[in-house]
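Subject: Structure handover

Hello,

Here is the structure I promised to pass on. Please open it alongside this email.

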Amino acid sequence: MSSEPLLRVENLKTQFFTDAGTVRAVDGISFEVYEGEIVGLVGESGAGKSVASMSLLRLVERPGEIVGGEVTYKGETVFGLEEGPDGELREREEMLSNEAVRERIRGNEIAVIFQDPMESLNPVFTVGGQLREVIELNRGLSKEAARAEAIEMLREVGIPDPEERYEEYPHQFSGGMRQRVLIAMALACEPSLIVADEPTTALDVTVEGQIIDLVDELQAKYDTSFIWVTHDMGVVAEICDRVNVMYLGEIVEQAPVDELFHDTKHPYTRALLNSMPRPDRTVAELEPIEGVMPEAISPPSGCRFHPRCPDAREVCRRVHPEPEEVARADSHPHNAACLKHDAFDVGYDGSAPLEGDPRTTAGGSGGEGGE
Ligand SMILES: Nc1ncnc2c1ncn2[C@@H]1O[C@H](COP(=O)(O)OP(=O)(O)OP(=O)(O)O)[C@@H](O)[C@H]1O
Ligand code: NI
């Protein structure tokens, strides 16, 4: 793994200024994507996964705005603020212009795949024609060469009879087939990074599995990096190399995928894993996560997860944890934002358990040991 990441996100903040107040949708997240990796962004609905992915390409629209942080792609500043002479925040001089982001970055360098292919495909043009146009524009091929390439791409993503299907319209394709077409379109420009926002969520489980296998195969062949947005830990296990777990606009845990599953460091990640269906567990054994995620307009004090956390203590209500390195795995840090770890040293062990939690108030054995 090379030392310089392809994409570096530092302390990114995106807010929506609404009548009801300021929604802190993305509230200071940092992560990296290295060449050839599939990096997961996982969390419940409303965690800020989509807003985070849109922010990377500066696609956030009013009333939303990126209000802080830095996004660097191949060493270029996609977004960056600095303090001006009077202490006001202003865009860095070296920040790419809107045109540069639109022309050079989106599509060519970083492609996006969304959940609903119908939104990205034009219903009045043939599937093949749309794919051909993307190839023509981005690769400077003649119409004929681009057509041949489009048919080849359709074949590659598993569309049967690609010559015939080339002439068909989006509504003649099934959901899974349309998603394959979008993958073909994303790959057609040979981008270094593909941002995929829940691309398999609307599909049934079998088709989802096929698409994930396809992406795995193509990723290995083209060495494309992915940011894979999902709420599904099962999908994360299947496809991701490293994972960022988001809760209420923040990243609460960050680790290589095996490490995240086998040495979980954040109670929210543990809760997500416990709520995940597994072949060795009946539905009755699933543990839904306690409570609902609070509003991003007025997040809880201290650790934002504390009202739902089985390990919460009094200190968690007061101290807000930023992710800290609590372990290392495969030369990557394993970061967690949970005060129970020694790295925080804020008196968690001596702090009183928060009341109302069955595990800490009733019949605690006191011998739980370690974390
Ligand atoms: N246009 C908008 N105006 C106001 N608030 C918004 C807007 N778009 C998103 N938000 C808020 O930003 C927060 C993060 O939303 P986001 O869509 O990123 O969540 P998500 O993790 O992608 O969830 P899901 O799994 O449902 O897609 C939420 O509180 C949401 O209500
Ligand atoms: Ni989303």
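Predicted model: local features only at pLDDT ≥ 70, side-chain atom pairs only at ≥ 80, totals over all residues.

Ligand site

Start with ligand 1. Its shell holds 16 residues. Ala25, Ser45, Lys49, Ser50 and Val51 are the closest. The top contributor is α1, with 3 residues. By class, the shell has 8 polar, 7 nonpolar and 1 charged residues.

Domains

The chain is divided into two parts. Domain 1 covers 7–109 + 192–361, and domain 2 covers 116–191. Their centres, taken over C-alpha atoms, are 31 Å apart. Where they touch, domain 1 supplies 18 residues and domain 2 supplies 13 residues. On the domain 1 side, β8 (193–197) and α8 (205–222) each give at least two residues. The most come from α8, with 7 residues. That side of domain 1 has 11 nonpolar, 6 polar and 1 charged residues.

Helix α8

Which residues of α8 are buried? They are Glu208, Ile211 and Val215. Seen down the helix axis, the buried residues of α8 fall within an arc of 65°, so they line one face. They pack against α7 and α9 (233–239). Thr206, Ala220 and Lys221 are exposed on the other side of α8. Just after the helix, aspartate 223 takes a positive phi of about 60°.

Helix α5

Now to domain 2, which spans 116–191. Helix α5 (residues 143–156) has 14 residues. At 1.5 Å a residue it should span 20 Å, and its end C-alpha atoms are 20 Å apart, which agrees. Its buried residues are Ala146, Ala150, Met153 and Leu154. These fall within an arc of 100° when seen down the axis of α5, so they too line one face of the helix. Their packing partners are α4 (127–139), α6 (162–165) and α7 (175–188).

Backbone points to check

Most residues other than glycine have a negative phi, and most peptide bonds are trans. Please look at these places with that in mind.

- Arginine 62 to proline 63: this peptide bond is cis, with omega near 5°. Proline 63 sits in the loop between α1 and β4 (64–73).
- Glutamate 190: its phi is positive, about 50°, although it is not a glycine. It is found in the loop between α7 and β8.
- Leucine 248: phi is near 45°, a positive value in a residue other than glycine. This one is in the loop between β10 (242–247) and β11 (250–256). Leucine 248 counts as buried because it has 22 C-beta neighbours inside 10 Å, and the cut-off is 20 or more.

Over to you.

Best wishes

Conventions. Residues numbered from 1 in each chain as written. Chains lettered and ligands numbered in written order. Near = placed C-beta within 6 Å. Helix = DSSP H or I, 4+ residues; strand = E, 2+ residues; numbered from the N terminus. Nonpolar A, V, L, I, M, F, W, Y, C, P; charged D, E, K, R; others polar. Domains from an automatic or database assignment. Contact = placed C-beta atoms within 7 Å. Expected span 1.5 Å × (residues − 1). Buried ≥ 20, exposed ≤ 12 C-beta atoms within 10 Å, placed from the backbone. Arc of directions from axis to C-beta.
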